[in-house]
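Please read them with the structure open.

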Amino acid sequence: MARRIDVTGTGGVRLAAWEFGDPPKIDPAGSGPARDVPDGSPGVLLLHGLMGRASHWASTARWLSGRYRAVALDQRGHGRSDKPSQGSFTRDAYVDDAEAALEQLGLAPVVLIGHAMGALTAWQLAAKRPDLVRGLIICDMRASALGAASQREWDQWFKSWPLPFATLADVRKWFGEDDPWVERPNPARGEFYAEVMAESPDGWRPVFDPEQMLRSRETWVYDAHWEELAQVRCPALVVRGLDGELGRAEAQEMVRVLPRGQYAEVADAGHLVHYDQPEAWRAAIEPFLDALASD
């Protein structure tokens with residue numbers, strides 16, 4: 001069962017953090033009954049991508065909870081966190097929120113795991129506060145600028161959504177099959193978007209405001225982020241789906257730029273790596289986490 005913890009982000013924005021697994025247990029003497037790991041046990045903070053929510057990390061958080069205190073955050077404008085109509089959706093706001101959350105939760109020094117926008121937030125925080133971060137996993141996020149054309153495409157894509165959806169089955173079908181951006185049927189993608197819908201009087205609509213998502217996105221798409229990657233001092237793993245948005249050449253260049261970078265890829269996975277292939281995703285990141293634990 002998920003446990004919600006309210007934390008306060010920058011500007012007083014209320015953020016919902018979630019634990020999806022039981023607290024990790026250890027046996028201090030090597031025999032006998034296990035006991036709860038104290039608050040100082042290794043921490044993991046999981047950051048979803050644009051339009052995502054903490055529950056997208058539920059399966060990852062559950063298996064991590066055997067050895068870490070794993071917490072997933074609903075970032076501002078997402079999930080159960082505040083969506084202030086006049087709030088800030090800048091890069092600084094997202095990074096400062098993550099920093100505030102891990103300090104209030106007592107997770108530092110933390111392993112940051114981020115997908116897409118959440119990965120950018122993670123490496124920007126690692127560059128800003130190296131004292132708080134002991135390891136970083138970047139999942140399918142590009143460091144290069146995407147440009148104005150990309151932002152226009154997203155604006156048009158949001159407008160193409162046939163809202164409201166009559167049922168969740170319609171959500172799954174449209175995002176998994178009918179969406180023009182889908183190259184071949186992808187049930188995992190349909191499930192991913194069903195997770196971010198809520199029932200309203202006229203049908204199913206997203207829990208986020210698409211305009212706020214565009215405002216969030218416009219704060220990073222016009223700029224490259226290589227300089228911040230170069231400032232990350234902790235061990236960092238770059239993971240890409242073989243059919244994802246992050247190409248192999250760019251991923252390997254990111255690894256080269258990172259002072260302590262490593263590389264992994266997941267076959268038969270698109271952009272939603274941890275959702276498309278959860279077992280292969282685990283296999284890709286577990287050796288990195290094992291090495292961190294032995295340092």
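1. Strand β5 (residues 43–47) and strand β6 (residues 69–74) run parallel and are joined by five bridges. Across this pairing, V44 stands opposite A70 of β6. Helices (H or I, at least four residues) and strands (E, at least two) are DSSP runs numbered from the N terminus, and two strands pair if DSSP finds at least two bridges between them.

2. This is a predicted model, in which local features need pLDDT of at least 70 and side-chain atom pairs count only at pLDDT 80 or more, while totals for chains, interfaces and linings use all residues. Residues are numbered from 1 along each chain as its sequence is written, and side-chain values use heavy atoms, with hydrogens and water left out.

3. The sheet is open and has eight strands, in the order β1-β2-β6-β5-β7-β8-β11-β12, with mixed pairing. β1 (3–8) and β12 (261–266) each have a single partner strand, so they stand at the edges and one side of each is left without a neighbour in the sheet. From one strand to the next the twist averages 25°.

4. Helix α9 (residues 248–257) lies across β8 (133–139), β11 (236–241) and β12, and runs at about 155° to β12. Axes are lines fitted to C-alpha atoms, for helices over the stretch in contact, and angles run from 0 to 180 degrees between N-to-C directions.

5. How do α4 and α7 pack? Helix α4 (residues 148–160) meets helix α7 (residues 210–217) at an angle of about 170°, and their axes are 11 Å apart. α4 is therefore roughly antiparallel to α7 (under 35 degrees counts as roughly parallel, over 145 as roughly antiparallel, 65 to 115 as roughly perpendicular and the rest as oblique). S150, Q151, W154, D155 and F158 of α4 make the contact with P210, M213, L214 and R217 of α7. By class, the residues of this contact are five nonpolar, two polar and two charged. Here Ala, Val, Leu, Ile, Met, Phe, Trp, Tyr, Cys and Pro count as nonpolar, Asp, Glu, Lys and Arg as charged, and the others, Gly among them, as polar.

6. Zero disulfides are found in a search of the whole structure, a disulfide being a pair of cysteine sulfur atoms within 2.5 Å. The closest cysteine sulfur to that of C139 is in C234, 16 Å away, which is too far for a bond. C139 counts as buried because its relative accessibility is 0%, and C234 is buried with a relative accessible area of 9%. Buried means under 20% relative accessible area, exposed over 50% and partly exposed in between (1.4 Å probe, protein chains only).

7. Two cis peptide bonds are worth checking. One runs from A108 to P109, with omega near -5°, and P109 is in the loop between α2 and β7. Another runs from L163 to P164, also with omega near -5°; P164 is in the loop between α4 and α5 (168–178).

8. M51 is not a glycine, yet has a positive phi of about 75°. M51 sits in the loop between β5 and α1 (58–64) and is buried, at 2% relative accessible area. A116, again not a glycine, has a positive phi of about 55°. The loop between β7 and α3 (117–128) holds A116, which is buried with a relative accessible area of 8%.

Key:
Contact means heavy atoms within 4.5 Å.
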